[in-house]
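Take them one at a time, and keep the 3D view open.

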Amino acid sequence: RPEETMAGVVVLAGTSGSRLFPVSEGVPKALLPVATQPLLRSLLATLRRCRAGRVVVVTTPRFESAVQTLIDPLADESSSSSAAPADASSPGERPLLEVVVIAVDEMLGSAGAVRQAMAVDETLRQCLEIVVIAGECGLGRRALVDVVETRRRRDAACAALFAAASAVDSTAGKKDAASDAHVEVVALDATTNILVEKTSLVDVEDRWRGDEEHPAWAASKAVLRRFPALEVRTDLEDLHVYAFDGRALRAALGDDAASSAEPSSSKQHVDATMSLKADLVPALATAYVRRRDEAPPSPSRTDDPIYGRYERLVATSNGNNNSHETPPAQHQPVGGPVVAVVVDAGTAKDDDDDADPEDAPFGADGALRVTTPAAFRAANRRAVQRALAVGLASTNPSKLLRRDSTLLGVDASVAERVTLKHATIGARCKIGARAKINNSVLFDDVTVGDGATIQNSILCAGATVKDKANLNDVQVGPGAVVPAGAALKHEAFVAASSYGDDDDDDVLDGSFHGGGDD
């Protein structure tokens with residue numbers, strides 16, 4: 001129905017993610033295959049089922065061609081479906097899914113990327129509601145609709161989707177455990193789910209340097225009076241799925257900044273490197289709390305990371321460079337609260353009455369984000385489990401091996417006496433005799449030699465694992481060759497050419513512990 005159509009959607013598909021190295025080498029996270037299909041394709045299918053009219057996919061020049069290649073056939077399909085005879089009476093009606101691709105500077109943060117997309121795309125700029133989704137999200141239609149409807153029902157500036165810790169892959173080892181930089185401290189009102197504050201554990205530790213062994217989060221008395229049921233959690237993951245009130249988002253990014261693709265250098269704008277997840281959403285939450293706190297902030301709070309983000313956001317969006325001056329009430333960001341929608345993706349059911357293979361590979365209630373190798377393996381395993389329960393989508397030509405809980409890609413060949421369990425095998429892969437593959441993902445065109453053992457690992461496109469090699473929790477880069485008999489554990493194994501090595505050696509291996517990105 002028209003009243004259920006989302007006004008505008010931005011999908012961020014421009015980052016590869018250092019924590020996923022070398023799995024995402026040369027491709028954005030949004031194009032990583034889950035159940036042999038790119039994440040972005042599944043996400044666009046979800047948006048189409050939700051009747052999202054306008055979708056702007058934001059990427060970088062480096063990945064623009066690959067993203068456009070994926071989207072072109074989907075756009076053609078959507079256009080042809082909209083040309084049904086039933087539409088003859090309303091020739092001006094738009095197709096179910098209208099997708100455009102915009103390339104932005106890869107140095108922009110996610111907030112800067114959204115701001116530039118709004119500057120370039122006039123239709124998006126005029127939307128009353130804007131949904132922003134990370135392209136590496138696996139999202140079911142009910143999970144997405146829940147976020148949008150929650151924002152509308154609560155008249156919130158933003159609704160943000162969080163997943164409980166139980167949704168994290170249980171096979172993750174110590175190397176996959178989140179560092180302090182990726183653990184978030186989320187303060188919520190337990191009765192209303194209003195987001196009071198969101199910061200990283202590192203920020204909390206920085207604010208309490210005097211007692212490093214016992215970092216603490218503190219709230220003012222005014223906040224505690226307003227939110228007596230305050231709950232502070234560290235087991236929630238921000239999935240980077242936000243439903244914004246269009247007016248609130250434009251005010252936060254700077255109304256004048258969203259009026260042209262080339263903003264005037266004489267005006268102040270939101271920092272181009274600002275992140276939605278780490279800066280803008282926490283700042284909106286703090287702005288809502290501060291607007292109802294009559295007491296002026298203490299001088300020490302001007303150095304507080306969260307309050308500093310709020311001051312910087314308001315100052316840059318109103319042309320005020322003095323971050324230590326409390327902005328007047330009439331200059332504070334517009335909109336209501338930031339409301340958290342918390343899901344436990346691990347409890348989603350695949351046997352509900354309306355279970356449909358055409359839903360996202362994670363089910364209608366699915367909600368997850370692929371940012372680490374463990375999360376990528378978990379997403380594939382879950383997609384296979386759901387396919388076993390309700391079948392594959394009509395667009396997925398792969399074959400299900402029910403006894404082995406494995407998905408076999410087109411033209412993949414498996415020799416005799418091979419053991420497969422909870423695996424995803426890409427197209428044209430060749431698996432040698434007596435090989436064992438467990439809880440692993442193989443991209444297209446991978447070759448596995450006779451007697452090789454692969455557990456909890458990811459093999460990228462064109463990789464080769466020679467006879468009797470043993471891999472456990474290893475990420476093998478594109479085109480890399482693992483020698484015969486090699487025993488690798490907790491490593492990233494990449495082709496020497498990835499580092500510009502001109503030696504004759506075909507491989508380079510070693511542990512890699514990358515930082516995170518938004």
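Two strands count as paired if DSSP finds at least two bridges between them. With that in mind, look at a predicted model. Strand 1 and strand 4 pair in the parallel sense. Four bridges link them. Strand 1 covers residues 8–12, and strand 4 covers residues 54–59. For a landmark in this pairing, find Val-9. Val-55 of strand 4 stands opposite Val-9.

Strand 1 also pairs with strand 6, residues 129–134. These two run parallel as well, joined by five bridges. Here the landmark is Val-11. Its bridge partner in strand 6 is Ile-133.

Now turn to the side chains of strand 1. Is the strand mostly covered or mostly open? It is mostly covered: five of its five residues are buried. Buried here means under 20% relative accessible area. Gly-8, Val-10 and Leu-12 point one way from the strand. Val-9 and Val-11 point the other way. Residues on both sides are buried.

In what order do the five strands of the open sheet lie? The order is 17-20-23-26-28, and the pairing is parallel. Strand 17 (413–414) and strand 28 (481–482) are the edge strands, and each pairs on one side only.

Within this sheet, strand 23 and strand 26 run parallel and are joined by two bridges. Strand 23 spans residues 447–448, and strand 26 spans residues 464–465. Val-448 stands opposite Val-465 in strand 26.

Notes
Residues numbered from 1 in each chain as written. Predicted model: local features only at pLDDT ≥ 70, side-chain atom pairs only at ≥ 80, totals over all residues. Heavy atoms only, no water. Buried < 20%, exposed > 50% of the residue type's maximum accessible area, 1.4 Å probe, protein only.
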